[in-house]
Amino acid sequence: MGLLLLSLVLVVAVSRSQRAMDMHRHITFEDRSPQFLPNGKALTWMSLGHRASLADALWIKSVLYYGRRVIDEDNPYYAYQAKRSVDDASRRDNAHITFLPDTVPGMDSALLPVLFRMGGRGLVNDIYPLLDRVTTLDPHFIMPYVFGGVSVLMDTGELDKAESLLQKGRKANPEEWRFPFYLGWLSWMYRGDARAAHQLMIAALPLKGCPPFVADLIEGLSGKLNRKALTIRYLEGMLESTESPEIREQLAAVVAQLRKSE
Amino acid sequence: MRLLALVINTFKETIRNRILLNILVFAITLILLSLVIGDWSLGQQGKVIKDFGLSAMSIFGLLIALFIGLRLMVQELEQHTIYIIASKPVHRWEIVLGKFLGLGLTLAVNVALMTVALWLAGMLMEGGIDLALLPAIVLIYLEILIIVAFAMFYASFASPMMAAVFTLGTFAVGHLSGFLYDYVRLYPDRGLHWLLRGIYHIAPNLEKLNLKMAVVEGLKQPPHQLLHAAVYGLSYLALILLATALVFERKDLK
């Protein structure tokens, strides 16, 4: 009987003290900055033979970090905390943003709001350092390169970082057609350099797995299609070659919006 | 026949161990849990499950090697039950080999169960069994055996705590030996090269037995990679067992 009473008292004590502590607990949205993570090379050695698993774990962290701050804006908890955590100073400091839509020669202004949402400007400054670590740990993991080179770029405008990530992927995976393909997309859409894009497409064409639509794009880049039609064809190609349902959904929405404005 | 009796006895003894069962259940749970974790990976579930599954196999294999491998020797020596075996007409090297093979058999059962769990998780995700993972799993098993051999070696002359520290240190150095090699080549004018070179040549190069990333991502391997790795691992294993037998042979059991 005494033991039962003691157990009851302890259960009440545990429950009450937990509630008391919860009342004083501040809900914080805190992502530890990857600046405090060792660089990719050091992480490779520290993983003691489990570099791919560590890369996966950091990749999931990157997706969650990005999703909470950019994609999941309807979530009141994350939206509020994320917006609050980005102070005015960091929003003003846009030195890392190297793409400005009005600097691209021949850019159709109707394409701008569709292709370059830029809603994540200043919100996800740590995404590229994270992706850099993921891709150093596992250089053959294609998805993080594509994610950083296309999706993140569309949301943040950090062109130099996106391009350097894709270049890194191309160097580590010279037989993968998607790298010259996406680099071509960057050259054409973001730098307005159709010639460089054309050359990159030609480089992608003989690589294993390169789909036939790339040949159409090469023809389009030679000047036979208008910019919007070519953009749609390019995006449809991306849609076809992307495995991720989330990125596919994102690209499909952009294509639908462009078709509507035709 | 005497060796076989020792092997069977050790197998029966270790397979009933509760620690082993706990570790195994935890490992299989983790492998199945990767199904959920993989869901947050933007369509990369297959890769995540395989990577996490192979890592779980390797890490929990190491834990089993550490707990059971050390216990196997230490318990016998501390509780003096080794006298009973030593008083029988068996060579001491037979005791070492019998215990090693018995535990090796237990580990083989464990690795097989973890493989089934991993294939099951992969089948739920991709609808098929990925046989390409097998070379990596074989080498993970070989790596675990090397760690078991080291645990037994250290336990034959050091205290249990020191033997555990030495075993973990060997595992870490085994995976860092490539780094030592790179360091010596990159900075040839810095000191302590003789020491780093020595460690590189003496310590097991466990990265040579690491095919996890290669099989998951279907990377091209040099010809006969698996064969070379297996020959390297088995030769190294034999050397450690030989050293353990020698130390045990000379050990004063009084």
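How many residues does the contact take from chain B, and how many from chain A? The legends below start there.

**Figure 1. Where chain B touches chain A.** The contact takes 24 residues from chain B and 20 residues from chain A; two residues are in contact if their C-beta atoms, placed from the backbone, lie within 7 Å. This is a predicted model, in which local features need pLDDT of at least 70 and side-chain atom pairs count only at pLDDT 80 or more, while totals for chains, interfaces and linings use all residues. Residues are numbered from 1 along each chain as its sequence is written, and chains are lettered from A and ligands numbered from 1 in the order in which they are written. On the side of chain B that touches chain A, at least two residues each come from helix H3 (45-78), helix H7 (160-186) and helix H9 (212-216) of chain B. Helices (H or I, at least four residues) and strands (E, at least two) are DSSP runs, numbered from the N terminus. H3(B) gives the most to this side, with 6 residues. By class, the side of chain B that touches chain A has 12 nonpolar, 7 polar and 5 charged residues. Here Ala, Val, Leu, Ile, Met, Phe, Trp, Tyr, Cys and Pro count as nonpolar, Asp, Glu, Lys and Arg as charged, and the others, Gly among them, as polar.

**Figure 2. Helices H1 and H5 of chain B.** The axes of H1 (residues 2-15) and H5 (residues 92-126) of chain B come within 7 Å and cross at roughly 45 degrees. Axes are lines fitted to C-alpha atoms, for helices over the stretch in contact, and angles run from 0 to 180 degrees between N-to-C directions. H1(B) and H5(B) are therefore oblique to each other; angles under 35 degrees count as roughly parallel, over 145 as roughly antiparallel, 65 to 115 as roughly perpendicular and the rest as oblique. The crossing of H1(B) and H5(B) is right-handed, with a crossing called left-handed if the near helix is turned anticlockwise from the far one by less than a right angle, and right-handed if clockwise. Among the residues that make the contact are Leu3(B), Leu6(B) and Phe11(B) of H1(B), and Ile95(B), Leu101(B) and Val109(B) of H5(B). The contact of H1(B) with H5(B) has 11 nonpolar, 6 polar and 3 charged residues.

**Figure 3. Ala158 in a chain B loop.** Look for Ala158(B) in the loop between helix H6 (134-155) and H7 of chain B. Is Ala158(B) buried, exposed or partly exposed? Ala158(B) is partly exposed, with 16 other C-beta atoms within 10 Å; buried means 20 or more other C-beta atoms within 10 Å of a residue's own, exposed means 12 or fewer, and partly exposed is in between, with C-beta atoms placed from the backbone. Setting aside neighbours within four places in sequence, Ala158(B) is in contact with Ala163(B) and Phe166(B). Thr10(B) is 148 residues away along the chain from Ala158(B), and their C-alpha atoms are separated by 22 Å.

**Figure 4. The two domains of chain A.** Chain A is divided into domain 1 (28-95 + 125-173) and domain 2 (174-262), with bounds that come from an automatic or database domain assignment. In this view, 13 residues of domain 1 are in contact with 13 residues of domain 2. Helix H8 (142-156) and helix H9 (159-172) of chain A are the elements that give two or more residues to the domain 1 side. That side of domain 1 divides into 7 nonpolar, 4 polar and 2 charged residues. As for the chain as a whole, chain A has 14 helices and 0 strands, and buried residues make up 37% of its 262 residues.

Figure 5. Glu163(A) lies in helix H9 of chain A and counts as buried, with 21 C-beta neighbours inside 10 Å. Not counting residues up to four places away in sequence, Glu163(A) touches Leu183(A) and Leu186(A). The axes of helix H7 (residues 127-137) of chain A and H9(A) come within 11 Å and cross at roughly 5 degrees, so H7(A) and H9(A) are roughly parallel to each other. Tyr128(A), Leu131(A) and Thr135(A) of H7(A) make the contact with Lys161(A), Leu165(A), Lys168(A) and Gly169(A) of H9(A).

**Figure 6. A positive phi at Leu48 of chain A.** Most residues other than glycine have a negative phi. Phi of Leu48(A) is near 45 degrees, a positive value in a residue other than glycine. Leu48(A) sits in the loop between helix H2 (40-46) and helix H3 (51-71) of chain A, and counts as buried with 20 C-beta neighbours inside 10 Å.
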